[in-house]
Amino acid sequence: MSATPPGDVRSATQEVGALLGQIIREEDPAAFARIEAVRRLAVARHFQGAAGELPALLDGLSADEAFKVVHGFACFLQAANAAEDAMQVRCASLGEDAVRLDDVLARLSEAGIDKDQVRALLEESLVVPVFTAHPSEVRRRSVLEHARVLRETLQALARPDCGPGEAALSEALLREVALLWGTRLLRSARPSPLDEVENAVAVMRTSLLSAVPQLYEAWERRLGAGLASFLRLGSWVGGDRDGNPYVTGEVLLRALARQAEAVLGHYLEEVRRLGVSLSLSEDLAPPPPELTALAESLGDVLATSAGEPYRRALTAVYARLAATFQALTGRAPPRPAAAAARAYAAPDELIADLEILQASLLKTHAQAFAHGPLPNLIRAVRVFGFHLASLDLRQNAAVHERVVAELLAEAGACRDYLALDERGRQRLLLEELSHRRPLFSPLARYSEETLREHAVFKAAADARARFGAEALGAYIVSNAGSVSDLLEPYVLMKEVGLFDPGGPSAALRVEPLFETITDLRAAPEVLAAYLETQAVASLLRAEPRQEVMIGYSDSSKDGSYLTSSWQLHRTSAALSALADAKGVRLQLFHGRGGAVGRGGGSSFEAILAQPPGVLRGRMRLTEQGEVIANKYGDAALARRSLEALACGVISASLKPAARDTPAADAEAMDAIAEASRQAYRALVYETEGFADFFFAATPIAELGELNIASRPVSRQATRTIEGLRAIPWVFSWSQARVMLPGWYGFGAATAQADLARLKAWWAEWPFFRATLRNMEMVLAKADLAIGARYADLVPDADLRDHVFGRIRGEWDRTVDRLLQITGQSQLLEREPQLAEAIKGRLPYIDPLNHLQIELIRRRRAGEEDPKLKEALLMTLNGIASGLRNSG
């Protein structure tokens, strides 16, 4: 939730809420009366202190009645999100509540840093949001589309000049609210990986293809022309195989073909529009020879364009683009070309043709064409190429280990690779990487896993040849704990020609993903040994840059939010220092989720809180689940989000650090983080029966029935915390309104710490302040009174009282200590706008929680009504949408 001025959000929210009420009342007066009674009680609970009646009213509903109530509140929360987002965009356009380049430049200027230094940084920079299909987006694409139209209509109505069009816009708003009310909120089937590809591509096509060039244009007006294309897009959707056996080589190729179809289709449409507008006559604007040659390259195919060289040149460009579309997607272009032409071999060829047009326009008409559609198209091709977003590949180290072991055994190179120690594995792998002899034989019989992995690597090689070198990004190894984990993918790449021992050279760079607290602590040692390996050192001579990914989700699940945050900070600084010592440039890839317990919160503040000297203008970070639609759902939101991201990287890279971490403070924070880890693990991993409590007191079992992703909820089919993925772990606690992963352990860890030191950290240390601000937001959204009702679902009373008693005790300690450190009398006291935004929507979330508890109770007791099941699953949808960053 944003800190948008509450008056703006409140009025927009009240407007869509009134429209929704009008629609429900006209369709079903009884349902409206019931929903309104629930709403009044929920509002009274929050604003007047009334309690007790709401659960009693909800517990007696039939399945049909419950369904209508849930649908009503869930629809309202969707509409409220659209209203809030619309006001965010409006405030950003007015210069409020947004991170803007002008503000960053002004602050840097105060520190003695000018625009030339910013441009110099951007020449070497790389800022990449990477879309993933991680399962925390509960909304169907149809619902997202209605929300987008609602948002845009509200934005239009908020403009002071909407004038005569206000009546039509009001009708459109009513129509869109009616469509939302009449739309089924739940997916009827689990999405496939290709469905997830389509969802990601839809966002890129709808918002980013236009937003990114527009942002560059705005920045060039402030920083000067010729700005480097430092801002790009990445994706995991169709390449992330970790725990998802449905992502295959075929999926990878189809994902890239779909991306190519979207981006080339955009180019074709932009070229067509340019052809319509650039009607310049050669008699009035004589073209230079280069343009004439381009115009005549197709021959005389359009008599109607005689004497109009720009249109003829664009006809030639369109013909070559159409051929490129056909070659890369295997489909005919949306509009046929005027004549056959050869496809562009690479994006640079298209850029060269477009630059001929641009140079001619500038020569003839000076600055009239310095900005606008043609320069924006050139920028788009520079950024997106023919691939749209670079697709990373990811797999778990354990899979590579098994596949390599099988290949070695079948080839007679090593009978039992898994029995070797780390030194023996490294020696054998380096030997395999020193020659070109393949291990894979089409005559041998391999396991399904090995065949599937080999097919993925073969598809990656085919994809690179077909879509270009930039179509594929990095090869990420999750659960990387040793050098051999990072060498095994190179052996598999060698089998398909992606690794050449002759240089050596690699088409894909392998990078480790360090996720657990233990792995993060060991990361510098593992990276040092990896960089010292002869084959890797040889690879790095050509480009001495190594990316390392650090994971927020599993580290938090492993050892508490506070411990995770500090260990990530510590590890980032240590890895940077190590890379500097080795003469290698480090680039960090931050695996952040939407929820605070998974690294969520303000990206801008998180970037500013990075250790001094680590970023240096380069950063990739994941954008997951519901965050993608929330931040990039339309071009205005996307521009706002991308500008904040880029400004954060510039600020953190150039501005002198407000505070480096003195050794004494680092040691004190080490002790606090370790105390937090111990307190957290004592509850989650060392309390007998805790897993039973968790599976009973949260909707984790019901979450598995919600069709939100192609990937399974758990890594193994067991009822253990260890086997559970971080996303459902966080999601379930959010649903139960306990939010445990975002705060537990802080109170115990700081209880004995020096309060004066903690207050000084809050005032002076960006890392500590950002960590506590995120935690404070989580605490404000939590409600332990509701959490206690979820705990009542635990059949073992002793276990329930023991575990929830410990949770409540730590909650009290955490809130008390946070308020002492920040000097507040209540949560979010110093952020009244955010407090108001959160408080304003909680009365609409609470009823869904109470209904969810009742429906869980009835369903677990054996009630099989399909309407009850749908209502229950819809509460998951509604609560997640209302909380916004619950996954």
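What we have is a predicted model, in which local features need pLDDT of at least 70 and side-chain atom pairs count only at pLDDT 80 or more, while totals for chains, interfaces and linings use all residues. Residues are numbered from 1 along each chain as its sequence is written, and side-chain values use heavy atoms, with hydrogens and water left out.

Let me begin with confidence, where pLDDT is the predictor's confidence in each residue, from 0 to 100. The chain has a mean pLDDT of 90, with 93% of its residues at 70 or more. Over residues 1–7, however, the pLDDT is below 50, although this stretch has 27 contacts in the model beyond near neighbours in sequence, a contact being heavy atoms within 4.5 Å. Where pLDDT is low, the predicted coordinates should not be read in detail.

Turning to packing, I take helices and strands as DSSP runs numbered from the N terminus (H or I, at least four residues, for helices; E, at least two, for strands). Helix α5, residues 101–110, packs against helix α25, residues 635–654, at an angle of about 10 degrees, and their axes are 10 Å apart. The axes are lines fitted to C-alpha atoms, for helices over the stretch in contact, and angles run from 0 to 180 degrees between N-to-C directions. That makes α5 roughly parallel to α25, since angles under 35 degrees count as roughly parallel, over 145 as roughly antiparallel, 65 to 115 as roughly perpendicular and the rest as oblique. On the α5 side the contact is made by Leu-101, Val-104 and Leu-108, and on the α25 side by Glu-643, Cys-647, Ile-650, Ser-651 and Leu-654.

Cys-647 counts as buried, at 0% relative accessibility, where buried means under 20% relative accessible area, exposed over 50% and partly exposed in between, with a 1.4 Å probe and protein chains only. The structure holds zero disulfides, a disulfide being a pair of cysteine sulfur atoms within 2.5 Å.

Finally, some backbone details. Which peptide bond is cis, with omega near -5 degrees? The bond from Gly-503 to Pro-504 is, and Pro-504 lies in the loop between β5 (499–500) and β6 (505–506). Asn-479, in the loop between β4 (472–478) and α18 (483–494), has a positive phi near 60 degrees without being a glycine, and at 40% relative accessibility counts as partly exposed. Leu-828 also has a positive phi, of about 60 degrees, but counts as buried at 3% relative accessibility.
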